[in-house]
Amino acid sequence: MARRDFSVSALPGFGTIAVIAFVLLYAPIVTMVIYSFNDSESVALWGGFSTRWYAAAWENTQVQEATIRSLIIAVSAALIATTVATMAALGTTRRGKFKGQTIIYIMINQPLMVPEIVTAVALLIFFAAIKVATGIQGLGYLILAHSAFCVPFAYLPIRARLEGMDMTLETAAADLYASPWQTFRRITLPLLAPGIAAGAMLSFVISLDDVIITEFVKSAGQDTLPTYMLGQLRRAVTPEVNAISTALLVLTVLLLTAFFLLTRRRG
Amino acid sequence: MTENAAVEVQKASRVYGAGSSAVRALDEVSLTIRRGEFFTLLGPSGCGKTTLLRLIAGFETPTTGQILIDGKDVSQTPPNQRRVNTVFQSYALFPHLTVSQNIGFGLEMLGRPRAQIKDAVARMLALVKMEKMADRRPQMLSGGQQQRVALARALAPEPEVLLLDEPLSALDLKLRKEMQLELKRLQTETGITFVFVTHDQEEALTMSDRIGVMSAGNLLQVGAPREIYNRPVNRFVADFIGETNFLTATIRNGIPRLSNGEAVQAKGPARLDGKTVTLAVRPEQVRIDPEGPIHATIAQTVYFGTDTHCHLRLADGTELVARLQSPPSGDIGLKAGEKVRIGFVPGAVQMLEG
Ligand SMILES: Nc1ncnc2c1ncn2[C@@H]1O[C@H](COP(=O)(O)OP(=O)(O)O)[C@@H](O)[C@H]1O
Ligand SMILES: [Mg+2]
């Protein structure tokens, strides 16, 4: 006989609510994907199947430049954020409880809690001051800004991985004549790798997707793909934006799937 | 420094925490472990066995006192520079490395040439009979197999001393018996000094050359199994190792007497005259004897196959167990309530102060 445990899914109306939630979540996305293959100029009227908007976007030099810029920023930010997050995670888990630990957790996770617009304004003012003082221009500011807000996203999976790791393994390595550096290189790092990869992917996606902070920090001619799209929407809406969005969606879904696979498999 | 000593622990203490919450896990323990012996640290959970091993391995530094390995003070030497290896209770095999890579890890870190590592790994695999599993990951092995790999990994660098922290406690009874023999064989074959930790007195008695009995951070007695079993220094040791009957007696003219005046055949030093002492006697050393000096009443008899346990009550209410060999008929011929006289095998009674 089946066990009659309590389950939310057995509550009346649960199925209906779940279906509505899924529809609300996915109907717009499905529509966007379908209309990215629309042959018509209009974003609302169906004019037959075509991949011409993908071709148009592919050939658009502004899209090309924005894409390259987005990728440079996302890759750099992911690398920097992951490195910082790895060190932070090692520092906060590879030792006993210490004074101010909670404060440090809060500080590391700060970008998750402070409204993004506040961070954006703060960065704008801060970088403006630096630009005036040093005269240095360039993509560096965007990379730094993205790195900063990506750190907590990289930190979480890395810390989770470290906390699940048996510290006796490091003791065992030291027992077997490994120096602290060798222990890190040969034991800690390989076991941490899935967490680091997950952190990097999450950072990459978060950076790739950012609009608000980029919009505030970027100088003229430093559009990323999302800010370029936003700019386009202010003028004429063409199915080209649908095509770019769909391409971004595919990339994001692939990376996030990899992220979940990496974080699910433990040990 | 003592000639022939593999490890010397000199008045080592280890305190965890500070202030009122401080725990004295080890309290001025001094101990010499001889080269090539199978030494066992025996004691109940929480008595400081792991702490002592961690001090020898170098995972902890003593709060006070010294640790000498091979005559050299290593109290401040990090673990990777001590010629000591550990078999961890949880095995701690590296999950991302194969069995062979696990076994070769120590030699690799010591910077040995590849060919030498390969030879040593092959030898170790053969020693623990795991040749077929060389390329497996540890997760693919059973508990007993992981145990063997952990042993091989710790033995491969040929340490001066091998530390084993309750390595058999996670195995079921049958496998544990097998591994006890296996460990003893490995120790004899390699000639490496083993420091073995257990809370199982039978395991300690059957495997060790010498045993150190610990309680609450102190080392109570060190000696060969027979010595520990037959001449325990105090009540704790007598009670912890095997089963023991305790009697309270007062020494008069060098003879211990029970409260009703009955004499116990034991020698009592004259200096203890007038003092109250505890006498310990093993159940197998108690005899039902019509000529015996002590009166007792049978409370119960329990049949155990080869033995029959006879629960007795003395005049002063003390309970005592006699372990008697069962006769061929199986019936020992004693009934509850029956009055008997008992005596002890000469030399079997131990006088304890604690
Ligand atoms: N890292 C530690 N911090 C605080 N107390 C500890 C620590 N390690 C051990 N202890 C305490 O020291 C005592 C001895 O522990 P341990 O050496 O592990 O005992 P055993 O191995 O004999 O079971 C116990 O009371 C234990 O709670
Ligand atoms: Mg222990």
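A polar contact is a pair of N or O atoms within 3.5 Å; within protein, one must be able to donate a hydrogen and the other to accept it, and residues adjacent in sequence count only if both atoms are side-chain atoms. The model is predicted, with local features requiring pLDDT of at least 70 and side-chain atom pairs pLDDT 80 or more, while totals for chains, interfaces and linings use all residues. Residues are numbered from 1 along each chain as written, chains are lettered from A and ligands numbered from 1 in written order, and side-chain values use heavy atoms, without hydrogens and water.

**Exercise 1.** Identify the polar contacts of ligand 1 with B:Cys47, B:Gly48 and B:Thr51.

*Solution.*
- Step 1. A polar backbone atom of B:Gly48 lies 3.0 Å from an oxygen atom of ligand 1.
- Step 2. For B:Cys47, a polar backbone atom is 3.2 Å from a ligand 1 oxygen.
- Step 3. B:Thr51 uses an N or O atom of its side chain, 2.5 Å from an oxygen of ligand 1.
- Step 4. The protein buries 59% of the 570 Å² that ligand 1 exposes when taken alone (Shrake-Rupley method, 1.4 Å probe; for residues, only the protein chains shown count as cover).

**Exercise 2.** Classify A:Phe22 as buried or exposed.

*Solution.*
- Step 1. Buried means under 20% relative accessible area, exposed over 50%, and partly exposed in between (1.4 Å probe, protein chains only).
- Step 2. A:Phe22 has 53% relative accessibility and therefore counts as exposed.
- Step 3. A:Phe22 is located in helix H1 (residues 14-35) of chain A, helices being DSSP runs of H or I with at least four residues, numbered from the N terminus.

Technical notes: Helices (H or I, at least four residues) and strands (E, at least two) are DSSP runs, numbered from the N terminus.
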